[in-house]
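Hello,

Here is the structure I promised to pass on. Have a look at it first, and then read on for what turned up in it.

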Amino acid sequence: MPKITQLLFDCDNTLVLSEELAFEACAELSNEMLAKHNISERYTGAALMTTFVGQNFRGVVTGLQQKYGFKLSDAEVDSYVSRELGKVIETLEAKAEPCVGVMPVLEELYKSKKYGLAVVSSSALSRVQASIKKVGQEKFFPSDHIFSAATSLPVPTTKPDPAIYLHACKVIGKEPGECVAVEDSKSGTLSAVRAGIPTIGYVGSYGGVIKQKEMAEVLKEAGVKVIMDDWSQFNDCLAQIEAS
């Protein structure tokens, strides 16, 4: 196995506790969309998150169209995506917090300079930037090493498409095997694994031991190399991958 020299972190609920906040805004607009097409189903933020965790809002819109059999024009999709982004950023700037235990780990990694650090997210770049700035993480990541499947690619996409991880590797100048990703969702894990990147599955942001165990199994099936329950386990998890 090549020497690991680059770490690639998902943002939402991996670095920053942002998924629940974001999906509340997603649910409001999703319900508006469904009502407009005379569909009676309604979502709470939690229900929408259960179905679409790890995907950006463009992916949510695509999934809702497929599930309920309606069609939006490209202009309508772009309008919903733009409105959602504004709502989410406003909420994150007011309420976002770092994931429990992540700050000391990032501090140590940043000071050691042993690995390059980057963020690879499905979310829009402005949302990711707002999140990490709010919680004091922006100093850890070079501004040109923050990547968004919704913004950084010529054609917007979402995880589990591996395109954003492959793009990040190309820009940074690393082979996938020289990197380790940290992901908390099935779609994010599949994105990294399909790009050929060994992945740590983080379940610490899921509420309760039962849900964490359920997600651990989901992430194992998706291809993670090791499960991390808490950020205090990061160094041991990384060492396991490096030794494999």
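Leaving aside neighbours within four places in sequence, which residues is Phe52 in contact with? They are Phe23, Val60, Gly63 and Leu64, where contact means heavy atoms within 4.5 Å.

Before going further, a word on the basis: this is a predicted model, in which local features need pLDDT of at least 70 and side-chain atom pairs count only at pLDDT 80 or more, while totals for chains, interfaces and linings use all residues. Residues are numbered from 1 along each chain as its sequence is written, and side-chain values use heavy atoms, with hydrogens and water left out.

Phe52 belongs to helix 2, residues 45–52. (Helices are DSSP runs of H or I with at least four residues, strands are runs of E with at least two, and both are numbered from the N terminus.) Phe52 counts as buried because its relative accessibility is 6%; buried means under 20% relative accessible area, exposed over 50%, and partly exposed in between, with a 1.4 Å probe and protein chains only. From Phe52 to Ile89, 37 residues along the chain, the C-alpha atoms are 19 Å apart.

Val53 sits in the loop between helix 2 and helix 3 (57–68). With a relative accessibility of 16%, Val53 is also buried. Beyond four places in sequence, the contacts of Val53 are Glu19, Phe23, Leu48, Ser185, Ser187 and Tyr206.

Val53 also brings us to the largest pocket, where Met49, Thr50, Val53, Tyr206 and Lys211 lie nearest the centre among 13 lining residues. Helix 2 and helix 9 (209–222) are the elements that give two or more residues to this lining. A pocket here is an open set of points on a 1 Å grid over the protein atoms alone, where a 1.4 Å probe fits, with protein on both sides within 12 Å along at least five of seven lines; lining residues have an atom within 4 Å of a point.

Finally, please look at Ser123, in the loop between strand 4 (116–121) and helix 6 (125–134). Ser123 is buried, at 4% relative accessibility. Its side chain makes a polar contact with the side chain of Asp12 at 2.6 Å (a pair of N or O atoms within 3.5 Å; within protein, one must be able to donate a hydrogen and the other to accept it, and residues adjacent in sequence count only if both atoms are side-chain atoms).

Best wishes
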